[in-house]
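Subject: Structure handover

Hello,

Here is the structure we spoke about. Please load it first, then read the notes below.

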Amino acid sequence: MAMRKTVAVAVAVAALTLLAAWGGAGSATAVAPATARKAAEACGVLAPGASAAAEKAVAAACEQIGVWYTWGGGHGPQPGPTYGQVDPSDPDSAHDPERLGFDCSGLVRYAYARAVGGDPLSGNAYHQFHSPQVNQRFTAAQGTGPLLPGDLLAWGSGGSIHHIAIYLGAGKMVEARESGTRIMVSDVRLGGDYAGAVRIAPATAPGTFSTWGTDVWTHKEPSTTSPRVHRFPGPTTVRVECQKHAEPVTAEGYTNDAWSYLPEYGAWITNIYLKGPAWLDGVRTCP
């Protein structure tokens, strides 16, 4: 673990030293090399017990220390930094289209893609918190006691999740926090609307399938004329609760009337865009 952390620190320091030389797009101040080294050394696996995948995710996130937060960043066709967008509700995001970086869920997506391959945590913070890759949940009342490095901490209320970060151990986390800041190590904030945490265990579990294609939409009902719910920009691992025969759909040279219900998204997807047979094996029929 020490060797992995040393490599991550070296990469992060090099990136931050480069940022110090030119300040970054929209930057008002440079990052001093001493500050860069201190920030990089503070980021790493700070407690034992995490899985190898979780440790790799932490290392990947820590390599991005000093990279800009940018609203919508990290949600391109493939995991990785992208230029951001202006958030109409946040004046601090005015320079985000000039900055290459991540938002909170973009960083989490990138970290776990680097750790396990593929793209297991695409989507926003809500989708990540309710991902089929979650194998254990922790309530806000449990605090950080049962958490391990690599666990995902989330904030939100009323079923809405608006922020997510990666736990390091020792009460610390790495996060892409908000416009105008860079990816940083922070103390875990347990007050306010802290919603709890989840542990990720990427695996192919029963009922788990992968979508294929790009810009694939789910729908409120098993029909292309019903309202759209969520767009998958690229292949994404999803959990199917059940399937049913409904509206026939023709796409990519195939016609199929089977639709699958995705409970994490509260939506339906035509089986044409799920890898596997036209009628999925081992998945029950919806009532």
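Is cysteine 104 buried or exposed? Cysteine 104 counts as buried, because its relative accessibility is 8% and the cut-off for buried is under 20%. Bear in mind that this is a predicted model. Every value below is computed from it.

**Overall**

The chain has 287 residues, and buried residues make up 50% of them. Its secondary structure comes to five helices and 16 strands. Among contacts with a separation of 6 or more, 59% are between residues 24 or more positions apart.

**Helix H4 and serine 105**

Start with serine 105. It lies in helix H4, which covers residues 104-116. Serine 105 counts as buried, because its relative accessibility is 3%. Its side chain makes a polar contact with the side chain of histidine 75, at 3.0 Å. Leaving aside residues up to four places away in sequence, serine 105 touches His75, Gly123, Asn124, Ala125, Gln128 and Ile164. So histidine 75 turns up both as the polar partner and in the list of touching residues, given the wider contact limit of 4.5 Å.

How enclosed is H4 by the rest of the structure? Largely, because eleven of its 13 residues are buried. The buried residues are Cys104, Ser105, Gly106, Leu107, Val108, Arg109, Tyr110, Ala111, Tyr112, Ala113 and Ala115. Note that Arg109 is on that list.

The length of H4 also checks out. At 1.5 Å a residue, its 13 residues should span 18 Å. The end C-alpha atoms are 19 Å apart, which agrees. Glycine 117 follows H4, and its phi is positive, near 80°.

**Helix H3**

Helix H3 runs over residues 52-62 and is mostly covered. Eight of its eleven residues are buried. These are Ala54, Glu55, Ala57, Val58, Ala59, Ala60, Ala61 and Cys62. Cys62 also belongs to a disulfide, which comes next.

**Disulfides**

How many disulfides are there? The count comes to two. With the bonded cysteines numbered in sequence order, the pairing is 1-2, 3-4.

- Cysteine 43 and cysteine 62 form a disulfide, with the sulfur atoms 2.0 Å apart. The pair links distant parts of the chain, 19 residues apart. Cysteine 43 is in the loop between helix H2 (33-41) and H3, and cysteine 62 is in helix H3. The S-S torsion is about -75°, so this disulfide is left-handed. Both cysteine 43 and cysteine 62 are buried.
- Cysteine 242 is joined to cysteine 286, S to S 2.0 Å. Cysteine 242 lies in strand E14 (residues 242-251) and cysteine 286 in the segment after strand E16 (267-270), so the pair ties together parts 44 residues apart in sequence. The S-S torsion is about 95°, so this disulfide is right-handed. Cysteine 242 and cysteine 286 are buried.

**Aromatic rings and charges**

The count of aromatic pairs comes to five. One of them is phenylalanine 102 with tyrosine 110. That pair is tilted, 5.3 Å centre to centre, with 45° between the planes. Phenylalanine 102 and tyrosine 110 are buried. Tyrosine 110 is also among the buried residues of H4.

Which rings have an arginine over them? The charged end of arginine 137 sits over the ring of phenylalanine 129, 4.9 Å from its centre. The charged end of arginine 182 sits over the ring of tryptophan 68, 4.0 Å from its centre.

**Backbone points to check**

- Alanine 170 has a phi of about 55°. It lies in the loop between strand E6 (160-169) and strand E7 (172-175). Alanine 170 is exposed, with a relative accessible area of 59%.
- Aspartate 215 also has a positive phi of about 55°. It lies in the loop between strand E10 (208-210) and strand E11 (216-219). Aspartate 215 counts as partly exposed, because its relative accessibility is 45%.

Best wishes

Key. Residues numbered from 1 in each chain as written. Predicted model: local features only at pLDDT ≥ 70, side-chain atom pairs only at ≥ 80, totals over all residues. Heavy atoms only, no water. Helix = DSSP H or I, 4+ residues; strand = E, 2+ residues; numbered from the N terminus. Buried < 20%, exposed > 50% of the residue type's maximum accessible area, 1.4 Å probe, protein only. Polar contact = N/O pair within 3.5 Å; in protein donor to acceptor, adjacent residues only side chain to side chain. Expected span 1.5 Å × (residues − 1). Disulfide = S-S within 2.5 Å. Phe/Tyr/Trp six-rings, centres within 6.5 Å; stacked < 30°, edge-to-face > 60°. Lys NZ or Arg CZ within 6 Å of the ring centre and 35° of its normal.
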